[in-house]
Protein chains: 2
Amino acid sequence: MSDGLNLSRRIRRTPYTDRVEAAGVRGFSVVNHMLLPKAFQPTVEQDYWHLRTHAQIWDVSCQRQVDISGPDAARLVQWMTPRNIGGAKPGDCLYVPIIDADAGLINDPVLLKLAEDHFWLSIADSDVLLYAKGLAIGAGMDVRVTEPDVSPLAVQGPKAVDLMADLFGAAIRDLGFFKFGWFDFQGTKQLIARSGYSRQGGYEIYLNGGSLGSALWDAVWQAGQPYNITPGCPNLIERIEGGLFSYGNEMTRDNNPLEIGLGKFCTLDGSIDYIGSQALRRIATEGIRRDIRGVTFDGGPCPTCSSPWPVMVGALKVGQITSGIWSPRLKTNVGLSLIDTGYDDIGQPVTVHSRDGLARVGQITSLPM
Amino acid sequence: MSDGLNLSRRIRRTPYTDRVEAAGVRGFSVVNHMLLPKAFQPTVEQDYWHLRTHAQIWDVSCQRQVDISGPDAARLVQWMTPRNIGGAKPGDCLYVPIIDADAGLINDPVLLKLAEDHFWLSIADSDVLLYAKGLAIGAGMDVRVTEPDVSPLAVQGPKAVDLMADLFGAAIRDLGFFKFGWFDFQGTKQLIARSGYSRQGGYEIYLNGGSLGSALWDAVWQAGQPYNITPGCPNLIERIEGGLFSYGNEMTRDNNPLEIGLGKFCTLDGSIDYIGSQALRRIATEGIRRDIRGVTFDGGPCPTCSSPWPVMVGALKVGQITSGIWSPRLKTNVGLSLIDTGYDDIGQPVTVHSRDGLARVGQITSLPM
């Protein structure tokens, strides 16, 4: 599952890394040039059951913010995404795929609208800041593009609501899904959103000011004691079952948003102007050639999927597993794959060729599983 | 030195990773969303002595190429860097700092001029491809910006020339430093440059076609047997002593090229038009406030420098160590730091506060050490 990671300043520590290390982290990944804790409990399975039952604290600082402000901010943000952001209000979070001129996915951030002329893009693993800077410089737009000292800390799990109400007040219970508000923490105003990279509910605290990192971690930890809180991280089993895709895994620049099931976020009627609109409308007209699906496959717990595994129907490759792991709940391996149309019906029998050389019998499933 | 790294497709394997694993790699870093091997020999010190004496094979595929081609390619590349590329010829490599409108460093790639309208930027750790795409889209330039299937394999060390001459023919001896040529490999034409991220000499083979990865590795390995070849990687001791800086460590967007000692690559007379020229000329006029230096410091071998360590003159912080390690040759710790002007004279006594709590006595040095 893990190998040695050499540390350096370039792989940035977060405001919570000291606490994460004290909590016994066993492994990291690297996202946006920053450490993302990836393992705490003895096994990913224990972590999974705990996440579905209690509350967890996650250092997701690597979800960096690209801060876009100024007179042309709204125009730049709209130009970057096929999703119509015209109706968004301050306090709204919007999932906004970002594509290039060929409709290839560059990132799939969450947009936070702070004001009419001020936005954050809470990004997956690619330097959206450089793309936004390039666009703004190239087009001569009047905007400022920066990476602020903002480091999200997630509180996830079914007990997250009670925990957060204890810590920040009962009003936080009324925060709608994908809405954010401002809450007091030690004399500061902090942005908290009802969101997170799991299907178990919870919040993300967009801590502004890294020097408060340990204090915030400790406060959440203390408030979490009645709720059996543990340190955690995005859980691979839970996110695959839940159909939560990961940029760089399920989607790259080789993919368009329509085949990743993101058509509902794409404006195709020509009513807004964005980069890649022509390419995307052409793809929509011609029809997609593959579609994202779940795959279950047998043969006992599979190894770590660190490069794609072929998904076969007979001798024909119809897809590739881009994330896969054993599910202790479904008692089978679960994976995500783009599947060629014609072979993407739910229940379609397939064979998965995992890295260990096994040909594993499986079938196409809907998502979430 | 290392911690667990969780693997996934997003952290891309390279055409050589299978061989690297078979060769007993002990740790990786992540650069440009790709694995960079970081440790082979039992210690970094053994690796260091070997690199200075024999020949090594390095998987530096993470030096991704940003391919820029088309009628506006030369204009776009020149716009991205303060270095005047007007005199470059096909076959030239140029070190080209890339800065933003505030003169903050975005990357410090090597530019390879393939043709008058075709360039590669061989990049350090940031998504220059997205910046170039943004600029091109924003300014409506007629260029194509892609990441080709090109994965550099470096052969470094004093015996690299003989090894490469055995493998690719004697003509490779005549290749000038920072020049490239085209050489045959198994019926393909491959770009090979006299370059590399060490001061020990050598070449980088820009393998075009990942499916040839194992074959190329094996061919170099075989040819390297008379030269005591070992698998290696950029060596932290050697690069610090040699004054080779690392983007993300010694320099970030918070730094301008003048303070990193890159003034010789910056055109400040207004003769060319590039992004950040105004800011850079203002900095040049006002004078830089800090300058990159070497630092030696005692107190026995220092721990891994994973976040900057203060460099003090008395009670005053005058800099921070961004890379540091014990040098077995100099018998002291060696580090790199920006040092405030006024305290940057060679021989200036300083104290380095390393992560282990020690206040280590040291002094400012020139580079290379």
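1. Helix H2 of chain B, residues 44–53, has four buried residues: Val44(B), Asp47(B), Tyr48(B) and Leu51(B). Seen down the axis of H2(B), these buried residues fall within an arc of 105°, so they line one face of the helix. The elements that the buried residues of H2(B) pack against are E3, strand E4 (56–59), strand E12 (150–156), strand E16 (230–232), H7 and E19 of chain B. The model is a predicted one, and this applies to every point below.

2. Strand E4 of chain B, one of the elements that H2(B) packs against, is buried on both sides. Gln56(B) and Trp58(B) point one way from E4(B), Ile57(B) and Asp59(B) point the other way, and all are buried. E4(B) pairs with E12(B) in the antiparallel sense, over 4 bridges, and with E16(B) in the parallel sense, over 3 bridges. Trp58(B) takes part in both pairings: its bridge partner in E12(B) is Ala154(B), and its bridge partner in E16(B) is Gly232(B). In general, the strands of a sheet pair through backbone hydrogen bonds, either parallel or antiparallel.

3. For strand E4 of chain A, residues 56–59, Gln56(A) and Trp58(A) point one way and Ile57(A) and Asp59(A) the other way, and all are buried. The pairing of E4(A) with strand E12 of chain A (residues 150–156) is antiparallel and has 4 bridges. Within E12(A), Gln156(A) is the bridge partner of Gln56(A). E4(A) runs parallel to strand E16 of chain A (residues 230–232), to which 3 bridges join it. In that pairing, Ile57(A) stands opposite Pro231(A) of E16(A).

4. Which strands of chain B close into a barrel? There are 6 of them, in the order E17-E20-E19-E18-E21-E22, and the pairing is antiparallel. On average, neighbouring strands of this sheet are turned by 40° against each other, direction ignored. One of the pairings is that of strand E18 of chain B (residues 309–313) with E19(B), antiparallel over 5 bridges. Here Val311(B) stands opposite Gly319(B) of E19(B).

5. The contact between the chains takes 47 residues from chain B and 47 residues from chain A. On the side of chain B that touches chain A, at least two residues each come from strand E1 (2–6), strand E2 (27–31), strand E3 (34–39), helix H4 (128–139) and strand E19 (316–327) of chain B. H4(B) supplies the largest share of this side, 10 residues. By residue type, the side of chain B that touches chain A divides into 19 nonpolar, 18 polar and 10 charged residues.

6. Asn255(B) is placed in the loop between helix H7 (236–241) and helix H8 (277–286) of chain B. Leaving aside residues up to four places away in sequence, Asn255(B) touches Gly104(B), Leu105(B) and Ile260(B). Gly104(B) is 151 residues from Asn255(B) along the chain, yet their C-alpha atoms are separated by 5.3 Å.

7. Chain A is divided into domain 1 (17–63 + 149–240), domain 2 (65–146) and domain 3 (289–369). The C-alpha centres of domain 2 and domain 3 of chain A lie 34 Å apart.

8. Some backbone angles deserve a look. Most residues other than glycine have a negative phi, and most peptide bonds are trans. Asn32(A) has a phi near 50°, a positive value in a residue other than glycine. Asn32(A) sits in the loop between strand E2 (27–31) and strand E3 (34–39) of chain A and is partly exposed, with 19 other C-beta atoms within 10 Å. Gln186(B), also not a glycine, has a positive phi of about 45°. Its place is the loop between strand E13 (180–185) and strand E14 (188–193) of chain B, and with 10 C-beta neighbours inside 10 Å Gln186(B) counts as exposed.

9. There are cis peptide bonds to check as well. In chain A, the bond from Leu367(A) to Pro368(A) is cis, with omega near -10°; Pro368(A) lies in the segment after strand E22 (359–365) of chain A. In chain B, a cis peptide bond joins Leu367(B) and Pro368(B), with omega about -10°, and Pro368(B) is found in the segment after strand E22 (359–365) of chain B.

Technical notes:
Residues are numbered from 1 along each chain as its sequence is written. Chains are lettered from A and ligands numbered from 1 in the order in which they are written. This is a predicted model: local features need pLDDT of at least 70, side-chain atom pairs count only at pLDDT 80 or more; totals for chains, interfaces and linings use all residues. Two residues are in contact if their C-beta atoms, placed from the backbone, lie within 7 Å. Ala, Val, Leu, Ile, Met, Phe, Trp, Tyr, Cys and Pro count as nonpolar, Asp, Glu, Lys and Arg as charged, and the others, Gly among them, as polar. A residue is buried if 20 or more other C-beta atoms lie within 10 Å of its own, exposed if 12 or fewer, and partly exposed in between; C-beta atoms are placed from the backbone. Two strands pair if DSSP finds at least two bridges between them. Axes are lines fitted to C-alpha atoms, for helices over the stretch in contact, and angles run from 0 to 180 degrees between N-to-C directions. Domain bounds come from an automatic or database domain assignment. The arc is that of the directions from the helix axis to the C-beta atoms.
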